[in-house]
Amino acid sequence: MSTEVTLDVFPTAPIAPVSPYIFSGFLEHLGRCIYGGILPAGPTHFPYTSRKPCPKENFVETPRELLTEEGFRKDVIEVLRDELGTPMVRWPGGNYVSSYKWEDGIGPLAERKRRPELAWGGEESNQFGTDELIAWCRVAKIEPYIILNMGTGTLEEALHWVEYCNGAGDTYYANLRRKNTGKDEPHNVRYWGLGNEVWGEWQVGQQTASAYTIKARQWAHAIHLLDPTIKLIGCGETGLNEWDGVVLEGLVDKVDGHSTLQRFAKKVVKPIKIAFDEYGVWDETVGE
């Protein structure tokens, strides 16, 4: 026996605006996401991880007709830009970011350092870095959202990264960006995340909520001195446990968002937006 279902819509009585950023995406150096997904698969950086190996004899190079003039996968960009209208993408991780050294991923491709990859196993060629991300985002009409390394990374390295992306003055990292890109204008990255899943035992640089809060406050203070216009996202857990309470109360005056994998209810003195910035990525059938 079927039951008739009705839906009443009242367009003249909206409850609240819906941010387009809820339809955003996530890029991580894992499997075919970057190499073979954003960039063409190449013989020295084809998708290989110890967790899900792809034998070298099975490597197939990406056809050139699938690439844009910038060297990106044209079909992927067309789906994200033209069909889905993806507004923002989070990069470089994910667990990957907690041992990522951003300076390895800038400058001439042939001179970039190849590193062991701690999060997923295998090696990282660093052929896709900050400047490639920005170039890809411009073509795809997507806003970049960069996560800072709060595992092996230092505050000094984070400040250098922000300066490299957003610096407009006559300073070292702003000039290094100009040298590498051949352009004067900064990348103007507005959204930055303070670490990834710092609460997890699998994470390089795991911390307690109180330790993370102290560190994140210090980072946020310094980053806003360098660029007070950017939006910072704190690292949440499920949104329902002690970690989130400690972090929200400790960072409420320093951040603009709180990343979490679920909805939560917590009263704070300032409105903090929820960032569902890894939703769905653990389902490998969805990821492929």
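**Loops, cis bonds and a parallel strand**

Biologist: Where does Pro 92 lie?
Modeller: Pro 92 lies in the loop between β2 (88-91) and β3 (115-116). Helices (H or I, at least four residues) and strands (E, at least two) are DSSP runs, numbered from the N terminus.

Biologist: What kind of model is this?
Modeller: It is a predicted model, where local features need pLDDT of at least 70 and side-chain atom pairs pLDDT 80 or more, while totals for chains, interfaces and linings use all residues. Numbering starts at 1 along each chain as its sequence is written, and side-chain values use heavy atoms, without hydrogens or water.

Biologist: OK. What sort of peptide bond joins Trp 91 and Pro 92?
Modeller: A cis one, with omega about 5 degrees. Gly 93 to Gly 94 is also a cis bond, with omega near 10 degrees. Gly 94 sits in the loop between β2 and β3.

Biologist: Why flag those?
Modeller: Because most peptide bonds are trans, and most residues other than glycine have a negative phi.

Biologist: Is Asn 126 buried or exposed?
Modeller: Buried, at 2% relative accessibility. The cut-offs: buried is under 20% relative accessible area, exposed over 50%, partly exposed in between (1.4 Å probe, protein chains only).

Biologist: Switching to β6. Which way do its residues point?
Modeller: Strand β6 covers residues 191-194. Tyr 191 and Gly 193 point one way, Trp 192 and Leu 194 the other way. All four are buried.

Biologist: How many bridges join β5 to β6?
Modeller: Four, and the two strands run parallel. β5 spans residues 143-148. Ile 147 stands opposite Gly 193 in β6. Strands pair if DSSP finds at least two bridges between them.

Biologist: And how many join β6 to β7?
Modeller: Three, to residues 231-235, also parallel. Trp 192 has Leu 232 in β7 as its bridge partner.

Biologist: Last one. Where is Arg 73?
Modeller: In the loop between β1 (25-26) and α1 (74-84). Arg 73 is buried, at 15% relative accessible area.

Biologist: What does Arg 73 touch?
Modeller: Gly 36, Gly 37, Ile 38, Leu 39, Thr 62, Leu 66 and Leu 67, leaving out residues up to four places away in sequence. Contact means heavy atoms within 4.5 Å.
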